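Good morning, and thank you for coming. Please look at the structure as I speak.

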Amino acid sequence: MDFGPHLMLASLEGAVISAILVLTAMGLSLVFGVMRVVNVAHGEFFMLGAVLAWVVSTTLGGHPAIGFIGALIVAPVLVGCIAAGVDRFVLKRVNYDADRTIVATIGVLYIIQQSTLMLYGPEARPVQPPFNTRLSLPWFEFGENGFAMIWPWGLSITSYKLFVIFAAAAVLVALWLLLTRTRIGLIMRATQQDSDTAQAFGVPVGKVYSWVFGLGAGLAALGAVLVVPIQQAHYLMGGDPLLLAFIVVIIGGLGSLPGTVIAALLIGMSDGIISVFFSPTLAKIIATFLVAMVLVFRPQGLLGRAET
Amino acid sequence: MLEVSNIESGYGPVQVLFDVSLQVNAGEILCLMGRNGAGKSTILKAIMGQLPVTGGSITLDGKPLHTMPAHLIPKQGIGYVPQGRRLFKELTVAENIEVGLMTRGEGASTRDWVLDLFPRLRERLSQVAGTLSGGEQQMLATARALCLRPKVLLLDEPTEGLQPSMIELIRQVVIKMKAEGYAIILVEQRVDAVLSIADRVTFIENGKDRETVLAAELRRDKTKLKTYIGV
Ligand SMILES: Nc1ncnc2c1ncn2[C@@H]1O[C@H](COP(=O)(O)OP(=O)(O)OP(=O)(O)O)[C@@H](O)[C@H]1O
Ligand SMILES: [Mg+2]
């Protein structure tokens with residue numbers, strides 16, 4: 001394959017990675033932004049989403065689409081409820097103290113991971129995609145007869161991967177509308193900026209925290225449901241998304257949602273492209289190096305504001 | 001109307017308020033005076049439920065507030081203008097007002113009423129609150145509290161750092177609210193402002209209410225000001 005088509009293929013892979021990453025990182029960023037909680041267990045909520053997607057789709061049986069749609073609804077909601085429970089019974093009990101929430105969520109990480117190992121086992125299990133036709137993609141070329149469209153061999157994407165990209169974009173738009181156009185969003189933003197004052201204006205801050213923590217975990221779970229038809233569900237799969245989400249949130253600026261989106265695109269695309277042309281390890285090395293550079297030269301992140 | 005009886009409160013293990021009592025009626029302005037760190041702001045925070053009340057009681061028209069979850073207290077009709085304004089800085093003027101309106105489910109008529117009191121805010125509805133001038137921020141903080149159509153208004157040093165014309169505007173609004181029958185607790189440091197506006201003055205010293213006197217009395221005899229705040 002020529003360089004052009006090859007790059008296009010790599011970019012599409014990168015877009016799929018970005019799509020999953022943006023959902024996971026948004027969840028982490030939202031929780032940090034509103035609650036100032038660094039949720040180390042975020043990757044486990046991702047893993048739970050994937051495992052539940054497998055459970056739901058095998059329980060429902062029938063056409064893969066039935067199981068997939070079931071998983072798309074059940075997994076994020078259930079994971080969100082579990083997370084809201086964690087908020088109420090763990091985070092609230094340690095008063096959202098910065099250091100203690102880190103330790104507490106590390107504990108939650110192991111509890112979720114080991115419970116999954118006991119109940120679900122160590123196997124990696126696949127989930128059937130609801131549809132998976134291979135779509136050949138055209139490439140443009142200047143040949144002897146001028147401008148021409150060709151269909152290079154190997155330049156293709158599955159319909160499911162395209163769906164993942166669009167689904168993530170749709171969720172992002174919905175989230176943006178929720179935050180900027182609704183009362184719930186207004187309440188969340190007010191709580192984020194000054195929780196004491198929000199409470200003095202009737203905002204039930206404790207409830208808002210539970211909802212935000214649930215929403216953050218639900219977003220990770222949603223990303224995981226989208227990813228299991230591409231990558232299998234396994235009890236240790238939460239580590240990489242957690243690391244990448246942290247990288248994204250730090251590069252984008254802690255708590256800045258637009259920064260998170262930009263950083264997720266940057267990291268996802270470079271991860272996809274570098275993995276295709278070089279190696280996945282190099283992609284991780286570069287991402288980590290980027291974080292180090294950001295921390296040195298722009299500690300508040302790309303779009304973060306310096307603490308005042 | 002609002003009655004604070006023998007409350008004890010503080011920050012974590014540090015007790016700041018010792019047996020504080022005060023009371024304010026409808027259509028009355030009660031001023032709290034005291035030196036820096038005396039506990040004036042702490043009293044207001046305790047009323048709002050932001051601090052645990054470990055002893056005594058706070059009631060509004062006989063209904064206990066100190067046992068109520070903090071977010072329900074403003075819904076009883078208590079509007080709070082905190083010290084340092086505490087606006088939602090990254091929200092717009094309109095959004096700050098919207099948060100105030102949501103507290104007690106007030107609608108467009110209250111919004112218009114508040115914006116008529118502060119026409120300057122009407123011109124700046126889409127401006128981000130953090131970029132307003134200090135005076136405009138104070139207007140917004142006051143407007144946000146009035147959006148509750150409260151029975152009780154708690155104002156914590158609303159004129160801090162403002163120029164005379166802005167102070168006068170805030171003063172006019174407070175007087176107007178008094179005429180509408182609001183019970184007002186005003187924390188204020190400047191003696192002339194207190195004497196011109198207050199009905200009664202409660203002096204706070206070291207986390208305790210020392211004495212409550214009529215403002216008229218204070219205007220005649222200023223020795224108490226000397227005792228409690230040193231002017
Ligand atoms: N968040 C806090 N944590 C611990 N102690 C506090 C806190 N806020 C206030 N204090 C202490 O409580 C005491 C009373 O403070 P408060 O803010 O009520 O004073 P004030 O009368 O409002 O003073 P000022 O006129 O300076 O506003 C002070 O000794 C202060 O140091
Ligand atoms: Mg004060």
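Let me begin with the metal. In this predicted model, the magnesium ion (ligand 2) is coordinated by B:S41 through OG and by B:Q83 through OE1, at 1.9 to 2.1 Å. Donors here are N, O and S atoms within 2.8 Å of the metal (3.2 Å for Na, K and Ca), and water is not among the atoms, so sites may look incomplete. B:S41 sits in helix α1 (residues 40-47) of chain B, while B:Q83 belongs to the loop between β6 (78-81) and α2 (93-103) of chain B, so the pair ties together parts that are 42 residues apart in sequence. Helices (H or I, at least four residues) and strands (E, at least two) are DSSP runs, numbered from the N terminus.

A word on conventions. Residues are numbered from 1 along each chain as its sequence is written, and chains are lettered from A and ligands numbered from 1 in the order in which they are written. Local features need pLDDT of at least 70 and side-chain atom pairs count only at pLDDT 80 or more, whereas totals for chains, interfaces and linings use all residues; side-chain values use heavy atoms, with hydrogens and water left out.

Buried means under 20% relative accessible area, exposed over 50%, and partly exposed in between (1.4 Å probe, protein chains only). Seven of the eight residues of α1(B) are buried, among them B:S41, B:T42 and B:I43. Just after this helix, B:G49 takes a positive phi of about 80°.

Chain B as a whole is divided into domain 1 (2-77 + 152-229) and domain 2 (89-149), with bounds from an automatic or database domain assignment. Their centres, taken over C-alpha atoms, are 23 Å apart. The contact (heavy atoms within 4.5 Å) takes 16 residues from domain 1 of chain B and 15 residues from domain 2 of chain B.

Turning to chain A, A:M35 is found in helix α1 (residues 3-35) and is buried at 3% relative accessibility. Beyond its neighbours within four places in sequence, A:M35 is in contact with residues including A:L91, A:Y96 and A:F213.

Finally, where is A:L78 placed? A:L78 lies in helix α3 (residues 64-91) of chain A, and is partly exposed at 40%.
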